[in-house]
Amino acid sequence: MSEAMSSSAARRFSHLSDSELIGLIRGYHEAHVRDLEAAATLARRVEDRHAGSPHFPAGLADLLARMAESVGSHQHREEAVLFPIILSGEGAMLRQPIAALGTEHDDLQDGLERLVRLTRDYTPPAEACASWRKLYELCRKYDEEFREHVQLEERILFPRFL
């Protein structure tokens, strides 16, 4: 999905209760961690196999590992702080945590933009092996799902409490 969630997609999810929306977001959280960790592992293998190749982006595995750590930490804060407050009905207490998490979303999206640039928009060179292609597909999948997840929070969930 594009960075800006379409209005039809927003309508598709806006009817969900807070609990249902949080359940959907938790599903994204699980997929993000799994996909980033798998991508970092695969990137190390591809990097080792193609050591010295001028086409394999130097530092990709390290970037993915840092992203996995940052995303995991961010998601933990959402699940340990934000979601319990929402589900307790104490929404008036959310302005500050939502603002902080929104800033973190911006930082995480900056990392995602570095990933897009480093992989040339997830476009492997013609000589890329099957693992390299799979790595870029996994990165693209993460990108699309992360952007949709952030939009669910910022366009549907968070505005309910601001």
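**Exercise 1.** Is the crossing of helix 2 and helix 3 left-handed or right-handed?

*Solution.* This is a predicted model, in which local features need pLDDT of at least 70, side-chain atom pairs count only at pLDDT 80 or more, and totals for chains, interfaces and linings use all residues. Residues are numbered from 1 along each chain as its sequence is written, and side-chain values use heavy atoms, with hydrogens and water left out.

Step 1. Helices are DSSP runs (H or I, at least four residues), numbered from the N terminus. Helix 3 spans residues 60–88.

Step 2. A crossing is left-handed if the near helix is turned anticlockwise from the far one by less than a right angle, and right-handed if clockwise. The crossing of helix 2 and helix 3 is left-handed.

**Exercise 2.** Find how helix 2 and helix 3 are directed relative to each other.

*Solution.* Step 1. Axes are lines fitted to C-alpha atoms over the stretch in contact, and angles run from 0 to 180 degrees between N-to-C directions. Helix 2 and helix 3 pack at about 165 degrees, with axes 9 Å apart.

Step 2. Angles over 145 degrees count as roughly antiparallel. Helix 2 and helix 3 are therefore roughly antiparallel to each other.

**Exercise 3.** Describe how helix 2 packs with helix 5.

*Solution.* Step 1. Helix 2 (residues 18–49) and helix 5 (residues 130–157) pack at an angle of about 155 degrees, and their axes lie 9 Å apart.

Step 2. That angle makes helix 2 roughly antiparallel to helix 5.

Step 3. Helix 2 passes helix 5 in a left-handed crossing.

Technical notes
Helices (H or I, at least four residues) and strands (E, at least two) are DSSP runs, numbered from the N terminus. Angles under 35 degrees count as roughly parallel, over 145 as roughly antiparallel, 65 to 115 as roughly perpendicular and the rest as oblique.
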